[in-house]
Amino acid sequence: MAPPADSSQPRFAAGCRWGTQGEERVVLFPEGMIRVQGTGQKILELCDGGRTVQEIVKALSATYSGGNPSRIREDVGSFLEALQQKRIVDY
Amino acid sequence: MIPNPLALIAEITHRCPLHCVYCSNPLQLAGTEAEISTEDWVRVFQQAHDLGILHLHLTGGEPLARADLKELIQAAHDAGLYTNLITSGMGLPEARLASLVDAGLDHVQLSFQDSRDEPANWIAGTKAHAHKVVLSEVIRRFPVAFTVNLVVHRQNLDHLEEMIAFAEQLKPDRLEIAHAQYYGWALKNRDTLMPSREQLENCLRIVESAQARLSGRMRIDCVVPDYYARYPKACMGGWGRRLLLIDPAGQALPCHAAGVIPGMSFDNVRQHSLEWIWRESPAFQRFRGEQWMPEPCRSCERRAEDFGGCRCQAFLLTGDASATDPVCTLAPTHHLVETARETGAPSEAKLSWSYRTNP
């Protein structure tokens, strides 16, 4: 599948969701879990199926003042594409 | 320090409307009267969460045979567990599925016996296939992850490509292609189920090309048959290291088949906490770590990867649960596996196999 477009609206794939392990926030999916921290966690928290990739990049650029938006767009794209391949995210 | 388990396998009943010839349940099945109560399971799920467990696999038998399944899923969800229902789909009208999803069900794993109606029903010993096809469309309409599970063996591997195309039409997120593993009923029927080396090699090639073709649409996981491996599998991720299983009567076992090992006694969740069972009970310590290992395992550089293989298989094939798993090419008893591979029976023998009974 192609990388997400600016207008894509990423969300968790069916049956994938947040969970907790101790104090830590983790992503649960069939047969596994991943720990996402820092920027990865921020990106996923913005993926509500409503916001577009463009809006997510904008929100992140505001959080990380001084961040280069085209660089952030690149990181968001490759992060979501990798999770889509694992069937954790849809867009 | 013993790490916390990752997942709990809850074999909530041995009752099942199917009679699959490769069922992993023990030959001695627990009847309804032996099953533990709803309250027992609810307590176990809370204890599982407290022990750091994230995933709960509800299996059987057929878990839908328990009338309190919705309460069990609700309790597991409330305890913070990710819930996976491993099912034949028999006894799951849409309204019941809706109530299970409402209760917090995250993932449905639906088993298929074949892509074709007649051979599927013949493996299952009952007419189930057409019903499963209809049900998979219903499942896809609900917000749950959907896995199709397909058990493969000598009798169906020759049309694996057709089976993958069939699974693709059901639109699951994931397809699990599992070679029959020789415990319980599958061991009884081993000669009829054992694939040839040629079948296995074709299978690996077909799976690899399907994985590439379907990448990002349907993930394919393939469990390879250990009889053809060079080294044994790290059974259950090592004894008492990652998983624990509770049987219908509440006995806690380190794996599905551990009940066959003579001299073992398994503690029950009715008498003990999960934490005590995991950390202290004699059964979980029996083959934990490396102290029990014989040579060639004890000095093998792979001992921390495969943990000497499977204890139940070692017992079933050699009569000694402490022996090196005979599937290992370094095992002194490896000839037992070589012989079993070669005696895979011609297809005419399939008429005489043993169907799984009901408790």
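**Two packed helices in chain B**

In this predicted model, select residues 38–50 of chain B, which form helix α1, and residues 69–78, which form helix α2. Two packed helices are described by the angle between their axes and the distance between the axes. Here the angle is about 20° and the axes are 9 Å apart. Angles under 35 degrees count as roughly parallel, so α1(B) and α2(B) are roughly parallel to each other. Their crossing is right-handed.

Now show the side chains at the contact. From α1(B) these are B:Thr38, B:Trp41, B:Val42 and B:Phe45, and from α2(B) they are B:Glu71, B:Leu72, B:Ala75 and B:Ala76. By class, this contact has six nonpolar residues, one polar and one charged.

**The sheet of chain B**

Next, colour the strands of chain B. In what order do the nine strands of the open sheet lie? The order is β7-β6-β5-β4-β3-β2-β1-β8-β9, with mixed pairing. Go to the edges: β7 (219–223) and β9 (252–253) of chain B each pair on one side only.

For a look inside the sheet, select β3, residues 82–87, and β4, residues 107–112, both of chain B. These strands run parallel and are joined by four bridges. On this pair, find B:Leu85, which stands opposite B:Val108 in β4(B). In a regular strand the side chains alternate between the two faces of the sheet.

**A residue in β6**

Select B:Ile177, in strand β6 (residues 174–179) of chain B. Is B:Ile177 buried or exposed? A residue counts as buried if 20 or more other C-beta atoms lie within 10 Å of its own. B:Ile177 has 23 within that distance, so B:Ile177 is buried. Leaving aside residues up to four places away in sequence, B:Ile177 touches B:Leu150, B:Val152, B:Val207, B:Ile220 and B:Cys222. To compare places along the chain, draw a line from B:Ile177 to B:Ala98: the two are 79 residues apart in sequence, and their C-alpha atoms are 27 Å apart in space.

**A residue in helix α6**

Move to B:Ala165, in helix α6 (residues 160–169) of chain B. With 12 or fewer other C-beta atoms within 10 Å, a residue counts as exposed. B:Ala165 has 12, so B:Ala165 is exposed.

**A hairpin in chain A**

Switch to chain A and select β3 together with β4 (residues 32–35). How do β3(A) and β4(A) run, parallel or antiparallel? The two strands run antiparallel and are joined by four bridges. A:Leu28 stands opposite A:Met33 in β4(A). Two residues lie between the strands of this hairpin, and A:Glu31 takes a positive phi near 70° there.

**Where the chains meet**

Finally, show both chains. 16 residues of chain A are in contact with 17 residues of chain B. On the chain A side, β2 (17–21), β3 (24–29) and α3 (69–85) each supply at least two residues. Strand β2(A) gives the most to this side, with four residues. Colour the chain A side by class to find eight nonpolar, six polar and two charged residues.

Note on methods:
Residues numbered from 1 in each chain as written. Chains lettered and ligands numbered in written order. Predicted model: local features only at pLDDT ≥ 70, side-chain atom pairs only at ≥ 80, totals over all residues. Contact = placed C-beta atoms within 7 Å. Nonpolar A, V, L, I, M, F, W, Y, C, P; charged D, E, K, R; others polar. Pairing = 2+ DSSP bridges. Axes fitted to C-alpha atoms, helices over the stretch in contact; angles between N-to-C directions. Parallel < 35°, antiparallel > 145°, perpendicular 65-115°, else oblique. Left-handed = near helix turned anticlockwise from the far one by under 90°.
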